[in-house]
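My entries follow in the order I made them.

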Amino acid sequence: DIELRVKWPNDIYYSDLMKLGGVLVNSTLIETTFHILIGFGFNVNNSNPTICINDLIAKFNKEEGTELKPLSADCLIARTVTVLERLIDIFQEKGPNGVLPQYYKYWVHSGKQVRLRDEHGPVAWIVGIDDYGYLQVHEEGKGVESVHPDGNSFDMLRNLIVPK
């Protein structure tokens with residue numbers, strides 16, 4: 001019940017306020033086999049400079065009158081790997097459409113409005129992710145367009161996206 005969210009492409013957030021962690025995925029195709037390396041990190045116990053998962057558990061306990069125990073790093077890793085294994089099984093069986101509904105349930109971008117190209121550019125709405133994992137936006141009168149990050153063209157804090 002703690003409001004954890006996914007910020008495209010690879011951040012884990014508390015609400016849409018603070019980053020708690022991230023995920024990096026590197027894939028390689030060798031002949032007919034994909035090899036995927038997945039790395040993830042969470043701020044479990046360090047309250048500074050932002051917030052950590054155990055701060056959120058303490059806050060939740062105080063607000064809801066519950067007694068959830070703080071998580072240890074090894075417990076969080078074990079839980080994450082268990083869920084990840086299930087998601088990989090679903091993905092292998094059903095493809096992206098098997099996991100995207102759950103992803104969209106937790107991502108921070110549904111229906112968010114952004115500006116394209118510059119701060120005075122046309123307004124667009126984030127609508128989803130394409131088959132390659134790129135963000136899709138809908139600009140009125142122009143339809144849906146995929147946008148690709150290059151390190152300089154996305155400023156999600158300012159709701160600014162530059163399509164490439």
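This is a predicted model: local features need pLDDT of at least 70, side-chain atom pairs count only at pLDDT 80 or more; totals for chains, interfaces and linings use all residues.

I began with Pro9, which sits in the loop between strand E1 (4-7) and strand E2 (11-14). Strands (E, at least two residues) and helices (H or I, at least four residues) are DSSP runs, numbered from the N terminus.

Residues are numbered from 1 along each chain as its sequence is written, and side-chain values use heavy atoms, with hydrogens and water left out.

Next I looked up Pro49. Where does Pro49 lie? Pro49 is in the loop between strand E4 (33-42) and helix H1 (53-64). I found a cis peptide bond here too, joining Asn48 and Pro49, with omega about 5°.

Then I turned to phi angles. Ser15 is not a glycine, yet its phi is positive, about 50°. I placed Ser15 in the loop between E2 and strand E3 (18-30). Is Ser15 buried or exposed? Ser15 counts as buried, because its relative accessibility is 13%. My cut-offs are these: buried means under 20% relative accessible area, exposed over 50%, and partly exposed in between (1.4 Å probe, protein chains only).

Glu31 was my next entry. Its phi is also positive, near 55°, and Glu31 is not a glycine either. Glu31 lies in the loop between E3 and E4. I read a relative accessible area of 75%, so Glu31 is exposed.

I then searched for disulfides (a pair of cysteine sulfur atoms within 2.5 Å). How many does the structure hold? I counted 0 disulfides. Cys52 is in none, and its nearest cysteine sulfur, that of Cys75, is 15 Å away. Cys52 is buried, with a relative accessible area of 1%. Cys75 counts as partly exposed, at 27%.

Last, I looked at the record. UniProt, in an unreviewed entry, lists residues 1-92 for "domain: BPL/LPL catalytic". Its positions use the numbering used here, feature names are shortened, and annotations may be inferred rather than shown by experiment. Over residues 1-92, I noted 35% helix and 34% strand. The end C-alpha atoms of that stretch are 28 Å apart.
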